[in-house]
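Dear colleague,

I am handing over the structure shown below, and I would be glad if you could look through it alongside these notes.

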Amino acid sequence: MNKHAQRAAAATTAVLALALVATACGGSGGDGDPKTVTLVTHDSFAASKPVLKDFTERTGYKVKVLRGGDAGATVNQAVLNKGNPQGDVLFGVDNTLLSRPLEEGVFAPYEAKGLSAVPKGLQADPDKHRVTPVDTGDVCVNYDRKWFADKKLAPPRSLADLVKPRYKNLLVTQNAANSSPGLSFLLATVGTYGEKGWQGYWKKLRANGVEVVDSWEQAYNDRFSGSRGGKGKGDRPLVVSYASSPPVEVMGAKPEPEQAPTGIAKETCFRQTEYAGLLDGAKNTKGGKALLDFLLSKKFQEDLPLQMFVNPAREDAELPKLFTKYGETIDDPATVAPQKIAKNREQWIKTWTSLTVK
Amino acid sequence: MAVPAAFFVLFFGYPVAAIVGRGLRQGGHWNLDIVGRVLSDPDILQVLWFTVWQAAASTALTLALALPGAYVFARLRFPGKGLLRAVVTVPFVLPTVVAGSAFLALGGRGGALDEWFGLRLDTSVWAVLLAHVFFNYAVVVRTVGGFWAQLDPRQEEAARVLGAGRLAAWRRVTLPALAPSLGAAALIVFLFTFTSFGVIQVLGGPRFATLEVEIYRQTATLLELPTAAVLTLTQFAAVAALLAVHAWSVRKRESALSLVPAERTARRPEGPAQWAVLWSVLAVIALLIVLPLAVLVERAFNGPDGYGLAFFRALGSQSESGTFVVAPAAAIGNSLAYAAAATLIALVVGGLAAAALTRRAGRLVRGFDALLMLPLGTSAVTVGFGFLIALDEPPLDLRSSWFLVPLAQALVGVPFVIRTLLPVLRSVDVRLREAAAVLGASPLRAWREVELPLVGRALLVSAGFAFAVSLGEFGATVFIARPDAPTLPVAVARMLGRAGEMNYGQAMALSTILMLVCAGVLLALERVRTHSPGEF
């Protein structure tokens, strides 16, 4: 055989092999298997194994989890794939992202069992039930207790406190353009000061030395002084994070401390609600509906807090001790309607960027 | 050439064209005014300018700092060399979030350098540039050093006997011979820093954005596909221009050289000059690479009750109960499996492409060469979202297949394989093969006994690269919804995204494991001995 023929033969074999492998893997993905239900979600999704096993035992469906990056990326992937979805149920679209998938028709209606136990205020689509509320989480300013005790300074309580001179150069927040808590904090100021007033607030906040970094990881792990059980090297005692961050700080600590090393400024919060929905065009509609029921079941709802550090949507779900002992309930968080967020988000972020970063 | 071409078209060209097309085609007709609108936006122009100049500066700085390193690894023999070569490659596989965190711990506010010297680098361009050196040092040491080690030192010695000074001999004899591999290294570093994402976000802060960051924002966050499409095309244009310059500058310099086995060219350092170079290289490595890595390891062992294995133990026990924490053994297994598959694909595709590129000449082939480099200069999110909308119909519905991950990783690995193999393949003297043929060897035999021994080392180097790239690859894999089999970098990023000392500590512990796995594999690869051409 001459060299050309030889190489051509090798090439053909390799292409064939590659194609075979590719199709084989595509085919065995499990989408067609009626015993599998596929959950498309973001990187922070978590559930404990016994709870998932319980679902399989009761319904016969095995849950296959597909992760698509952060919540924004996951939702946008679903929008691009609408009508021919990657899975059966999407979990993890929050109220800051909800408008687009609803408008684009990503979800099919289904009223999940157990919805009656969820407060009416959380139901974003009460007529058609295209999405089901699963959990809520508050984004709030956290403070380092030890830092404020050492300085004999009372920690701030509200957004108005943050612009006072005694809290100068203490707060670090995230880039609203690409960080979810960063955007939520911006929305907290929009909700509190209104569409006309928030710009003035941020001017004052900037004059008072707010620091903006790109991600939550950097703000919390590297810049905040209260993270990592006080081992954090950061020098900012105030950070935009979650209301559940203090309980998480305590988790696994031995012996159990009296209180969490960090606290919450209760009047600085914005509430994120996470929704799940049946994907339009899902291959396993029946399994998807069962999975939605399961997400609202008491079992899953009571498993949520210690797995994803959020609050269950069901009112009758019991909170774990970690949350009741070290967490705070936020009674009156700031809110902005999803439609309003969708309409103005880009413009708000542009304005915010020019006010804080440039 | 058929395999690499098919691979490239199917897994790169088609998905990228699909996502760009979706952006530019609205309501059935091409919407091209958006091009002008996006490209005249002053904010975008600023992003473009910053992207180009930081990449150029990073490349220059990396070359300046790493070239002496390449010399030391190629020409000097000293104890612990193999280990050190593996250590400098470790940054290459670290997730940028982790490395960024280590850099901040060193040079950030309240960091080690701040405490000792009052030196602060955070949110300055210097932090970005130095981090790029940290990541890409190994690229230069491995591509240039690997080639340098095989250059016959007698040529330079001959020049010196003929009266040339040390520097003049190096400049006139060695440097021209190194040019192709230098060009390759510079190109790869430039492309890597050109598409820098994590480093810019962690160390640059919100004030600095590269095209990559902007494309990510427009695609993943805003779903502004038209703008993203224009930016992607801009990225292509910039990369294509760069590739053209590179091809033009390198073509002229490639020539047949006499290559010798690497083991024979290294000597023990002699004289004050060589010792000085060795020590200064070791100092740079210690400060720029070992110190940040040491910070990570320190944090992995600095548990809640003092130093110990608390975080490592937690990784083992917590992974039993839930789906969030990944058992380290499982993550290592996933990482190794994906990386092995990706390396294999990259070696087959890249090897065949390099072979084709050596044998054939002409504009078409050179164009193909440039095309295969494009994935390095393309945003991971473009490829990831492209996969999503292009490979969504049977028989090629790969969206939820695990196979997409090694495929995406191989796309980044292929350019490395080609760039490492090509200079060596092109320098193989054709007459050697012809002589073998005259003596009656079949083409296959001639290839096995003449070329393979000469190329074997480069093949190993490129395998190491492809492996390291896919081990650390994070971008593309994150943008593909994939079955829940997290690799080490993905698991690290997940843990870092949570508050609490235990989570942070476990992230550091996993990073330490990732570093060990990488160093272990690279050391094992170095141990594989190749036939030396002197045996026959």
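Which domains does the domain assignment of chain A give? In this predicted model, the assignment gives domain 1, made up of 10-136 + 273-312, and domain 2, made up of 138-272 + 329-356. The C-alpha centres of domain 1 and domain 2 of chain A lie 30 Å apart, and the contact between these domains takes 13 residues from domain 1 of chain A and 13 residues from domain 2 of chain A. On the side of domain 1 of chain A that touches domain 2 of chain A, helix 4 (99-104) and strand 9 (262-279) of chain A each supply at least two residues, and the residues of that side divide into 5 nonpolar, 5 polar and 3 charged.

Helix 16 (residues 328-359) of chain B packs with helix 21 (residues 443-472) of chain B at an angle of about 135°, their axes being 8 Å apart. The two helices of chain B, helix 16 and helix 21, are therefore oblique to each other, and helix 16 of chain B passes helix 21 of chain B in a right-handed crossing. Among the residues that make the contact are Ser335(B), Tyr338(B), Ala342(B) and Gly350(B) from helix 16 of chain B, and Ser462(B), Ala466(B), Phe467(B) and Leu471(B) from helix 21 of chain B. Taken together, the residues of this contact between helix 16 and helix 21 of chain B divide into 9 nonpolar, 5 polar and no charged.

With kind regards

Key
Residues are numbered from 1 along each chain as its sequence is written. Chains are lettered from A and ligands numbered from 1 in the order in which they are written. This is a predicted model: local features need pLDDT of at least 70, side-chain atom pairs count only at pLDDT 80 or more; totals for chains, interfaces and linings use all residues. Axes are lines fitted to C-alpha atoms, for helices over the stretch in contact, and angles run from 0 to 180 degrees between N-to-C directions. Helices (H or I, at least four residues) and strands (E, at least two) are DSSP runs, numbered from the N terminus. Angles under 35 degrees count as roughly parallel, over 145 as roughly antiparallel, 65 to 115 as roughly perpendicular and the rest as oblique. A crossing is left-handed if the near helix is turned anticlockwise from the far one by less than a right angle, and right-handed if clockwise. Two residues are in contact if their C-beta atoms, placed from the backbone, lie within 7 Å. Ala, Val, Leu, Ile, Met, Phe, Trp, Tyr, Cys and Pro count as nonpolar, Asp, Glu, Lys and Arg as charged, and the others, Gly among them, as polar. Domain bounds come from an automatic or database domain assignment.
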